[in-house]
Amino acid sequence: MDYKEDLRKKLPELKKIEGFPIGEDDDIINLSNPPFYTACPNPYIEEFLDTNGTKYEESSDNYHREPFIGDVSEGKNGAVYNAHSYHTKVPYKAINKFIEHFTNENDVILDGFSGTGSAGFSANHLNRYAILNDLGSAASMISYGYTKPINKLDRLKEEFSRIFDEVEKETKWMFSSSIASQEYEIQNTIWSDNFLCNFCDYEYVFSDLSLDFEKKKIISNYKCPSCNADISKSSSHNVFIETFDESLGKTVKIGKKTQILIQGKQGKSRNEKIPDELDFEIQEKIDNLKIPYWFPIIRMPEGDESRRNDPLGYKYVHQFFTKRNLYTLAAILNRIEKSPFYYDLLFVFQSCIQRATITNRFRFGGTGGLSGTLYVPSLIVERAVLPLFKNKFRDYVKLTENKSWVDSKTILTNQSTTDLQNIPKNSIDYIFTDPPFGSNLMYSELSFWWEAWLKVISNNKKEAIMNKTQNKKLNDYGELMLDSFKQYNRVLKPNRWISVVFHNSKSSVWNSIQESLGRAGFIVAQVGVIDKKQESFKQITAPGAVSNDLVISAYKPSDSLIRDIDKSSGLQMELNFIDEFLSNLPVRAVIERTSKMLYSKYLSFYIQRSYEINYNSTNFYELLKNNFTEENGFWFNSNQLNSYIEYKKHLKLEGIDEVQSGLMMLFVSDEKSALLWLYNYLKSPKSFAEIHTAFTQIANIQDDSVPELVNLLEDNFIKENNVFRRPTSEEERGSVNVKREKALLREFESLLLRAKSERKKIKEVRKEALVHGFEVCYKAKRFKDILVLEERLDKKIIENSSELNDFVEAAKIMVEGIS
């Protein structure tokens, strides 16, 4: 079959899928290499699964895994990691651990936000198959380069040399200089902005006043050579020049820059020189040169990041390259497009683009752009393209040498994860995904240079980010992630796992992700963290924890559980839910096994489905006691207890305190996490002084009116002989619970009265009182009371708590259904 021609015929239908990229049909077809890579939604995925996947059969399915807990010791280096830059990525060896744990050989892995395709590389390396998707056209192409099978390296090297030699012959004069009448190869050229003193309008070259070469320092404040005033870059004004842009056919105004230093080599020796008359003559000749090849002449898109350089005159893609770099890139691409090794060399070409722009900062001891931005610095390092092209080809060869597969084991698609209609239901064995998080990075904007050269641009309508220009706020981001997770849930086989990498320190984004996972049908079983300092993966022992580099492990409930629960609207199915949840937890003393967390999971699951809540925290404890076994404050089902006891014996032999081993990693950000931390910490009685010292070191309370520590202890624990301990007997537990719930309800009813009688927004609340009050209202079908209070609460209070939001969403559904 001629797959390219077949793909062309399918384009009209594929354009109906969300996230279809922006580009001419011919350009999309030319960039594609079907069936394994299409620069648009891929219509051949079902065919790929029919050949390589296994059908899900509930009756014969015996899959079982617990969340992954173990060490990950892979830093951000190595041939594979360095082959192509990207805005963010997880090292493939770190992903190896998860794929090995959750899958078997020949299983199919999915990543709907693939970036550079690390999950695919890892899957292929471990003899698994992968489906990779990204909304970004550039990301999809990078992923293909990372996962395509080994090519004929000897022939590829010959082809690279041919293209390199041809372009070098054509452009060498642009990157040549001389020292003592001997030829000198330019590798870097340093350019400086010109500024005007804000006091006397004296024009100065920024580098003349800011660079101290002797001390290797960049000086922030300095004296104006003309008026002797204290000035700085921020207090000065850019100098602009007017120049005719032949590509645009008009005169443009752009920031003036001066060439100040040339770095290169003469033979094998490296040295620097100040530009001389010959260098300026060559530069003038380059400026007047007409480029005979195609290059992108396209306006930077509207965006929070992409038009930050408009005030300096950098408005079009080609303006972010010096003339000689633009010429060289265009000459290389022209030859690559005719090459039999098009996809290999296009990968190498694209890996050069960012470093070939004017965003490289001059710094003593290194260079590089400002990560996550398109910032153009005042001191630019212009990197010569050909040495860069050679270095990146060397990296690609090393990447290829690290590939162990010779057949295509990955299929790539370019679309929105909110619409995966071309992937069948219950067809995926495991999902590892690293999605965008809030406003951290503007992916489509940061990728625009790459995509302009590819002639295929991301359709960012469904880009899951928070962005002022796109008018996407937290709620919009949450809905896009919810739609994506719903698609993940649809295609993942029942009782299988999804691992979600999280890179954001904002609690609102964190809660939005957890809420979206739950509403999509997943059950969060564990949150882990990649510790960069120790380069290890460790379990976090706090719910709602907020930190960088988290990994959320969630599972899709079994078909039988969902079927039975839905059939009975949850009635008398609480036991089944808890039993399956416990079965999917590691057989260790993890916080999810406490009665408080089990009750929280039960509430969340039932409320999201609008089921009746028939248990309060007291009789829920009775349900646990009558059906499960409690050990050291943690609950286990019958087939887990012996394994847990053996695990404890093993730890004692090694001298490890089981509960304390991960305790200090707990993040205390609100009353709920504070109580969980205290419960763990008080495995043995302790004085207030001991507790206070440890608690103040770890507590970082945010957006919650939490009672004083002494009140938390007196209201939730037992004080005996001037020390605090956990409640142990049923009588003690019951007494503490009744006392606490009465106090919370009083506080809630007071809040509700305020909401009904006052018009002012309520900005400070005790979240536990709200949660308990909402629970009471939900059980009593007082849905309008929930909505009355929600209307008066500052919106951030609901946004930052997935528990509160669940009650509000359920109340809205009930009220709309009644009216």
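I began with H12 and H13, which are oblique to each other (angles under 35 degrees count as roughly parallel, over 145 as roughly antiparallel, 65 to 115 as roughly perpendicular and the rest as oblique). The axes of H12 and H13 cross at roughly 125° and come within 9 Å; axes are lines fitted to C-alpha atoms, for helices over the stretch in contact, and angles run from 0 to 180 degrees between N-to-C directions. I noted that the crossing of H12 and H13 is right-handed (the near helix is turned clockwise from the far one by less than a right angle; anticlockwise is left-handed). On the H12 side I listed Asp344, Leu345, Phe347, Val348, Phe349, Ser351 and Cys352, and on the H13 side Leu388, Phe389, Lys392, Phe393, Tyr396 and Leu399. Contact here means heavy atoms within 4.5 Å. The contact of H12 with H13 has 10 nonpolar, one polar and two charged residues, where Ala, Val, Leu, Ile, Met, Phe, Trp, Tyr, Cys and Pro count as nonpolar, Asp, Glu, Lys and Arg as charged, and the others, Gly among them, as polar.

I recorded that the model is predicted, that local features need pLDDT of at least 70 and side-chain atom pairs pLDDT 80 or more, and that totals for chains, interfaces and linings use all residues. Residues are numbered from 1 along each chain as its sequence is written, and side-chain values use heavy atoms, with hydrogens and water left out.

**Helix H13.** I found 17 residues in H13 (residues 385-401), which reaches 24 Å from its first C-alpha to its last, close to the 24 Å expected at 1.5 Å a residue. Helices (H or I, at least four residues) and strands (E, at least two) are DSSP runs, numbered from the N terminus. The buried residues of H13 include Leu388, Phe389, Lys392, Phe393, Tyr396 and Leu399; buried means under 20% relative accessible area, exposed over 50%, partly exposed in between (1.4 Å probe, protein chains only).

**Helices H19 and H20.** I looked next at H19 (residues 574-583) and H20 (residues 595-608), which pack at an angle of about 120° with their axes 11 Å apart. That angle makes H19 oblique to H20. H19 passes H20 in a right-handed crossing. Glu574, Phe577, Ile578, Phe581 and Leu582 in H19 meet Leu598, Lys601, Tyr602, Phe605 and Tyr606 in H20. I divided the residues of this contact into eight nonpolar, no polar and two charged.

**Backbone in loops.** I located a cis peptide bond between proline 34 and proline 35, with omega about 10°. Proline 35 is in the loop between H2 (25-31) and H3 (45-52). Asparagine 228, in the loop between strands E8 (221-223) and E9 (230-232), has a positive phi of about 65° and is exposed at 52% relative accessible area. Asparagine 722 has a positive phi near 65°, sits in the loop between E26 (718-720) and E27 (723-725), and counts as exposed at 61%.

**Two buried residues.** Leucine 412 lies in strand E18 (residues 410-413) and is buried, with a relative accessible area of 2%. I found its C-alpha 5.9 Å from that of isoleucine 131, 281 residues apart along the chain. Threonine 357, in the loop between H12 (342-353) and E15 (361-363), is buried at 1%. Not counting residues up to four places away in sequence, threonine 357 touches Phe320, Phe321, Val381 and Trp449.

Notes: Expected span 1.5 Å × (residues − 1).
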